[in-house]
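These are my notebook entries on a structure that I looked up. I record each item together with the terms it relies on.

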Amino acid sequence: MSDRLEPEPKTVAPSVQERAAGWRQALARIAPLAFLVVLCLVFGALNHRFFAVENLVNIPVQISVIAVIAIGETFVIAAAGIDLSVGSMVALTGVTSALLMTRGVPAPVAALAGVGMGLFWGLVSGGLITRAKLPAFIVTLGVMGIARGLALALSKDQTISGLPDDFTKLGSVRLFGVLPLLVVVMLVVAVVAHFVLTRTRLGRYAYAMGSNLEATRLSGVNTQLYMTLLFVVCGGLAGLGGVMETARTTIGQPTGGELYELDSIAAAVIGGASLNGGQGTVAGTLIGAFIMAVLRNGCNLLVIPPSWQRVFIGAIIILAVLYDNLRQRRLSR
């Protein structure tokens, strides 16, 4: 045995640039949450009804459908894709499930049929994008038109009412008299989606494809399969959102879900997802969805017209994308 002492490994202190980069990343992570808190404080100061318990409970109910859809959109955006069909898919899946229920099909089966419709069109979009090499923007834009047209044709341009009470109660029932069921569904979807994005191969490959699709393919990953699966997930969650919307409104609306694609993309981007791919978290998307809900709720309490609400939300989306572009340029230097 040698008496010679091994030299202790030297600890290399992070450089000033590394520490600055760490601070920037930390600030980027907490910025959406900080903005949400500031937004709540501002609206609370301007209107005392904002912090009323009933109003605070209604906000997550109002955003539950958008949040579920936005979580699905986050899967696609993480891989540098986009799905513009989710709003029309809400209408189509809602009309499909409502029609089935009015024809005597049990509510659970009708709801599953609605989700299945979303999964099918997600598979169609993913297949066309990966196999036919068509741009996601064009494919999902086309599917958006098809889904909306089918919803109008199936319903004959009429709102479908007369749904079973057992189904419509799902949109208003509260667990333990406090927690709305729609919010519970949203939270369950968020937990499962977070696990998939952070702990499974599909999630890891989504970020890898978003960072560099060709390098991921050359490393042996079946990018066509996994990209298609991401669109299937997005379509399935849009279908679930359609069923939730039908339960919440108690009717099947062929014109429902308008601009939901914009809201879902905005929620993901405001929450930190990058349209360039490689970034995005479920928690960030939820915060982005809540920012939009608080903005709308606060504007309603202040009696600000919906037209101006769209202006505010549009401006926030532009600022979020501008911030993301500036961050990407800084990282590329």
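**Nonpolar patch.** I found a nonpolar surface patch of about 440 Å², made by Leu 33, Val 37, Leu 41, Phe 51 and Leu 56. Patch residues have over 30% relative accessible area and no salt bridge, with nonpolar side chains (Val, Leu, Ile, Met, Phe, Trp, Tyr) joined within 5 Å and like charges within 9 Å. A salt bridge is a side-chain nitrogen of Lys or Arg within 4 Å of a carboxyl oxygen of Asp or Glu. Areas follow the Shrake-Rupley method with a 1.4 Å probe, and for residues only the protein chains shown count as cover.

**Basis.** I note that the model is predicted: local features need pLDDT of at least 70, side-chain atom pairs count only at pLDDT 80 or more, and totals for chains, interfaces and linings use all residues. Residues are numbered from 1 along each chain as its sequence is written, and side-chain values use heavy atoms, without hydrogens and water.

**Patch members.** Helix 1 (residues 16-46) gives the most to the patch, with three residues. Helices are DSSP runs (H or I, at least four residues), numbered from the N terminus. I located Phe 51 in the loop between helix 1 and helix 2 (53-78). Phe 51 is partly exposed, because its relative accessible area is 43% (buried is under 20%, exposed over 50%, partly exposed in between).

**Helix 3.** Thr 96 lies in helix 3 and counts as buried, at 12% relative accessibility. Leaving aside residues up to four places away in sequence, Thr 96 touches Met 117 and Leu 154 (contact means heavy atoms within 4.5 Å).

Definitions and conventions:
Helices (H or I, at least four residues) and strands (E, at least two) are DSSP runs, numbered from the N terminus. Buried means under 20% relative accessible area, exposed over 50%, partly exposed in between (1.4 Å probe, protein chains only).
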